[in-house]
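Please keep the sequence and the 3D view open while reading.

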Amino acid sequence: MAGPANMAAKGQEPFLGGGNEKVRERATIFLSSTWADLKTHREMVLFTLAKLRRWVEAMEYFGALPGEPLDECLDAVRKADTYVAIIGTRYGSKDRHGVSITQREYEEAFQHRKRILIYRL
């Protein structure tokens with residue numbers, strides 16, 4: 001069988017889907033959205049990703065961190081391989097420049113050339 005686990009055991013890098021882009025077996029997904037209006041949607045996405053055994057960074061898992069919340073979020077985006085956003089009708093909390101945290105996360109992912117998946121409700 002040529003699955004990712006067997007490929008890793010043989011020193012080969014697993015591939016995602018049918019594309020040619022190499023992806024680590026433990027690729028990280030950063031989940032972004034506003035909270036109050038999309039809590040149920042976030043729970044469903046996190047549950048699905050857990051069933052698929054995907055490694056996810058999301059605000060639900062941050063706990064107490066030493067830095068400012070925005071800085072910690074942007075750092076997590078930079079460390080992730082894929083940025084997934086769920087977009088609803090709210091703009092969300094704004095930083096001191098009047099830009100939403102979700103938008104800043106998207107801009108960080110774009111700037112660092114992450115794979116970006118946007119789901120608009």
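The points below go from the basis of the model to its overall build, its surface and some local features.

1. This is a predicted model, in which local features need pLDDT of at least 70 and side-chain atom pairs count only at pLDDT 80 or more, while totals for chains, interfaces and linings use all residues. Residues are numbered from 1 along each chain as its sequence is written, and side-chain values use heavy atoms, with hydrogens and water left out.

2. The chain has 4 helices and 4 strands, and from the N terminus on its elements run α-β-α-β-α-β-α-β. Helices (H or I, at least four residues) and strands (E, at least two) are DSSP runs, numbered from the N terminus.

3. Of the 121 residues in the chain, 31% are buried, where buried means under 20% relative accessible area and exposed over 50%, with partly exposed in between (1.4 Å probe, protein chains only).

4. R53 lies in the loop between α2 (39–51) and β2 (55–57), and has a positive phi of about 60° although it is not a glycine. R53 is exposed, at a relative accessible area of 72%.

5. R113, found in the loop between α4 (101–111) and β4 (115–120), is also a residue other than glycine with a positive phi, near 55°. R113 is exposed, with a relative accessible area of 77%.

6. Among contacts (heavy atoms within 4.5 Å) between residues at least 6 apart in sequence, 64% join residues at least 24 apart.
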